Amino acid sequence: MRILDRNSVVENMSATRTIQSFGTLLRNKPEKLGQVVNMRPDLSISMLTEALKNVYQNKKDGKGFQPINSLAVEWQIDVNFIKKVKIVAPPVGDGFGLSPIKIYTEERYFDKHDSLAAENRSQFIVLKAPKRINAKKWEYEVKLITSDLTKRADVNYLTTGRTVRFRSNYHPELSERGYTKFMSNTETHRNYISRHRASVDWSGDYAIRENVYIADGKEGNETVYKLNKKEKDVIDTFLFARENSMIFSESNFDINGKCMLQDEKGRDIPIGDGVIAQIERVCEKFLVNDINIDIIEDSMQALAEKCENRTGNHWTYVCNDKFWNKFNKLLKHDLRFVAQGGTYFWSKAKNGQIKVGATFTSYEFAGNTITVMVNKALSEEYPDRAYAIMLDVGKDMISGQPNLAMFTLEGAEMISGNINGLGGATGKESGIDIATSVHGSSYHLIGYSGAVYFNPYKSVIIEESVLNH
């Protein structure tokens, strides 16, 4: 955020459009909050939703999303990829001589006559309908697919912690039926809208001080907002609280939609899931000792497997400072970018000075591109390790909606108000209507918001081990 003093504003007044009251701006047109967010690129989730106008109002005609109540939104997704199924127990048997093998998975996913592949690409066929052992354990009886009766399965790839995935299906003559693996695999998701507030009180004596000007940084068509220091502090607090919520919060609603937290007067305190809570249940996770180019490329490959197209995708890394710095160091030292003479990335300015180095904000691999955005909230949450979440924030090919969006109540994205005491907001106004005889005033913000990541399967988390620090 760039702060301008009064002299610089006056000096450049002919090239600016000045908003005299920031509070009045938001009160009259709260949708302009996206312009404010543009001044805070460190608030990545706000940038990826509000500044890009990916904001939906929770009303009955709202883009086909089902409002459960005023603070809830529900949607359905088609899980249009063949996911990896976790193995939760060691196998029984090794398949020698085409003998049966029993494997145990975390969920019921395969059916009779399906073939599945282990991580070493060995293939097996399911002989019987699965048997439920408990809620998180299913038994499958399979046989190794091979023409060699002396071959054994490598049971190391069928044990706890490994994964298997659907490959195909094979049926005999007069077979009774087949199955689908993803065409009908539809899931219903729900999230809730949270309520955030920020307020400040000040005395009349404190108010008699310099105003603050905030510029949006657009050269030649720059907008300058005028507000006092107290209003700026309230807005910063509100935006940062909302950003933290949209990233880290965990919902306090049960499966039936009942809020589990109330204040001393019995009033619900609604909290929705943030992006991390929505994705970490199902996303690919990379827990690494250090960040290297293979990790970056492997994460891109993992996300490509979840997308409709294997190439042409553009994804976003939302990361902390440590990941951002390591990502730039990694690419700076990559030999592909170093000139033969050993010098790299330098340019000569008009004044003859030499600039060496570069800032890397994106990377392309195997037909897909990532853009890296630093997030202040992630930097403060993970100061001791590199941490990043990779999101597919583009539009869905079928529905046309962005994968990441913010929901709010109609007309309640941000509501602002002043309580003017004697002297008004500046502490020295005369003849105005006042709400209190106290020589002091207050400024208040409240807003409703909730982040929705429509397809949480299209995501990756990279987290560095803290043992290295």
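Where in the chain is A153 found? The points below take up this residue and then other parts of the structure.

1. The model discussed here is a predicted one. A153 sits in the loop that runs between β10 (137-144) and β11. Its relative accessible area is 9%. Buried means under 20% on this scale, so A153 counts as buried.

2. What does A153 touch, once its neighbours within four places in sequence are left aside? The contacts of A153 are D94, I101, F124, L144 and L158. For I101, the separation is also given in two ways: A153 and I101 are 52 residues apart in sequence, and their C-alpha atoms are 9.0 Å apart in space.

3. The chain has 469 residues, and buried residues make up 45% of them. Its secondary structure consists of ten helices and 26 strands.

4. K458 is a charged residue by class, and is K458 buried or exposed? With a relative accessible area of 5%, K458 is buried. Its place is in the loop between β25 and β26. K458 and A302 are 156 residues apart in sequence, yet the distance between them, C-alpha to C-alpha, is 9.1 Å.

5. The loop between β25 (440-453) and β26 (459-464) also holds F454. F454 forms an aromatic pair with F407, with 6.3 Å from centre to centre and 70° between the planes, and the pair is edge-to-face. F407 belongs to strand β23 (residues 404-408), so the pair ties together parts of the chain that are 47 residues apart in sequence. Both F407 and F454 are buried.

6. How many aromatic pairs does a search of the whole structure find? The search finds seven. One of them joins F323 and F327, with 6.5 Å between the centres and an angle of 10° between the planes, which makes the pair stacked. Here the two partners share an element: both lie in helix α9 (residues 321-332), four residues apart, or about one turn of the helix. The relative accessible area of F323 is 0%, so F323 is buried. F327, at 1% relative accessibility, is buried as well. Elsewhere, ring pairs link Y109, F110 and Y140 into a cluster.

7. The charged end of R152 sits over the ring of F96, at 4.2 Å from the ring centre. In the case of K376, the charged end sits over the ring of F240, and the distance to the ring centre is 5.1 Å.

8. S245 has its place in helix α6 (residues 229-248). Its relative accessible area is 12%, so S245 is buried. Apart from neighbours within four places in sequence, the contacts of S245 are S194, H196 and G274.

9. Two backbone angles deserve a second look. Most residues other than glycine have a negative phi. H113 is not a glycine, and its phi is positive, near 80°. H113 is placed in the loop between β6 (101-105) and β7 (114-117). A366, also not a glycine, has a positive phi of about 55°. The loop that holds A366 lies between β20 (362-365) and β21 (368-374). A366 has a relative accessible area of 53%, and exposed means over 50%, so A366 is exposed.

10. The largest pocket has a volume of about 1000 Å³. Which of its 30 lining residues are the closest to its centre? They are K84, V85, K86, T163 and E284. The elements that give two or more residues to the lining are β5 (84-92), β11 (163-169), β16 (284-288) and α8 (293-304). Among these, β11 gives the most, with four residues. By class, the lining of the largest pocket has 16 charged, eleven nonpolar and three polar residues.

Terms used. Residues are numbered from 1 along each chain as its sequence is written. This is a predicted model: local features need pLDDT of at least 70, side-chain atom pairs count only at pLDDT 80 or more; totals for chains, interfaces and linings use all residues. Side-chain values use heavy atoms; hydrogens and water are left out. Rings of Phe, Tyr and Trp (its six-membered ring) pair if their centres lie within 6.5 Å; planes under 30 degrees apart count as stacked, over 60 as edge-to-face and the rest as tilted. Buried means under 20% relative accessible area, exposed over 50%, partly exposed in between (1.4 Å probe, protein chains only). A charge sits over a ring if NZ of Lys or CZ of Arg is within 6 Å of the ring centre and within 35 degrees of the ring normal. Contact means heavy atoms within 4.5 Å. On a 1 Å grid over the protein atoms alone, a cavity is a set of points where a 1.4 Å probe fits but cannot get out, and a pocket is an open set with protein on both sides within 12 Å along at least five of seven lines; lining residues have an atom within 4 Å of a point. Grid points are joined across faces, edges and corners, and a volume is the space filled by probe spheres set on the points. Ala, Val, Leu, Ile, Met, Phe, Trp, Tyr, Cys and Pro count as nonpolar, Asp, Glu, Lys and Arg as charged, and the others, Gly among them, as polar.
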